[in-house]
Amino acid sequence: MKRQNAGVWVGGIVVLFALIIFIQSLSLKYYTKFGPGPGLFPIWLSGILLLIGIAYIWHSLRKEVITWADILPKGREMGNVLSVILAVAIFMIIVNVTGFIIASTVLLFILLRREYKWYTGLGISSGVSIVLFLVFKSFFTIPLPVNMFGW
């Protein structure tokens with residue numbers, strides 16, 4: 001039963017994260033001649049997070065057992081979650097090669113294909129991607145990845 005207790009696993013991840021931050025923050029100065037140093041807040045915040053994580057694990061073991069089956073989505077909802085993860089992973093892999101417009105079109109098409117017909121999803125995806133590219137490049141002057149054609 002303890003292997004299926006999602007609260008223990010999440011608490012363990014929080015404790016591990018807090019320990020990593022705590023250990024890394026020990027390399028920063030806690031106090032300087034001008035006042036608190038850059039290590040003051042990370043040490044205290046990660047220490048508090050560590051205590052909260054340990055308390056959550058204790059609470060999960062003693063009081064409320066939450067299993068993975070209770071929190072993971074099922075059926076169509078799980079498909080939606082997996083399509084978001086897949087779309088973001090593909091976007092990160094292809095954006096530097098294909099440029100922002102094509103990569104974001106693919107990302108949006110994967111997300112929209114479950115709700116719209118393929119040609120409607122493709123139209124919405126490409127239109128939104130082009131508008132976003134123009135807005136960020138022209139109005140905000142934020143450089144976005146481009147392909148060999150400059151778009």
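Ser 25 is in contact with Gly 39, Pro 42, Ile 43 and Ser 46, once its neighbours within four places in sequence are left aside. The model described here is predicted. Ser 25 belongs to helix α1. Its relative accessible area is 3%, so Ser 25 is buried, the cut-off being under 20%.

**Helices α1 and α2**

Helix α1 spans residues 6-25 and helix α2 spans residues 40-62; their axes come within 8 Å and cross at roughly 160°. Angles over 145 degrees count as roughly antiparallel, and α1 and α2 are therefore roughly antiparallel to each other. Their crossing is left-handed. On the α1 side, the residues that meet α2 include Gly 7, Gly 11, Val 15, Phe 22 and Ser 25. On the α2 side, those that meet α1 include Pro 42, Ile 43, Ser 46, Tyr 56 and Leu 61. The residues of this contact divide into 16 nonpolar, eight polar and no charged.

**Helices α4 and α5**

Helix α4 covers residues 76-98, and helix α5 covers residues 100-112. The two pack at an angle of about 165°, with their axes 8 Å apart. That angle makes α4 roughly antiparallel to α5. The crossing of α4 past α5 is right-handed. Among the α4 residues that take part are Ser 83, Phe 91 and Thr 98, and they meet a set in α5 including Phe 100, Ser 104 and Leu 111. Here the residues of the contact divide into 14 nonpolar, three polar and no charged.

Ser 104 lies in α5. Which residues does Ser 104 touch, not counting those up to four places away in sequence? They are Phe 91 and Ser 129. The side chains of Ser 104 and Ser 129 are joined by a polar contact of 2.8 Å.

**Leu 26 and accessibility**

Leu 26 lies in the loop between α1 and β1, a strand of residues 31-32. Is Leu 26 buried or exposed? Its relative accessibility is 53%, so Leu 26 counts as exposed. From Leu 26 to Phe 140 there are 114 residues in sequence, and the two are 39 Å apart in space, C-alpha to C-alpha.

| Residue | Relative accessibility | Class |
|---|---|---|
| Ser 25 | 3% | buried |
| Ser 104 | 6% | buried |
| Leu 26 | 53% | exposed |

Note on methods: Residues numbered from 1 in each chain as written. Predicted model: local features only at pLDDT ≥ 70, side-chain atom pairs only at ≥ 80, totals over all residues. Heavy atoms only, no water. Axes fitted to C-alpha atoms, helices over the stretch in contact; angles between N-to-C directions. Helix = DSSP H or I, 4+ residues; strand = E, 2+ residues; numbered from the N terminus. Parallel < 35°, antiparallel > 145°, perpendicular 65-115°, else oblique. Left-handed = near helix turned anticlockwise from the far one by under 90°. Contact = heavy atoms within 4.5 Å. Nonpolar A, V, L, I, M, F, W, Y, C, P; charged D, E, K, R; others polar. Buried < 20%, exposed > 50% of the residue type's maximum accessible area, 1.4 Å probe, protein only. Polar contact = N/O pair within 3.5 Å; in protein donor to acceptor, adjacent residues only side chain to side chain.
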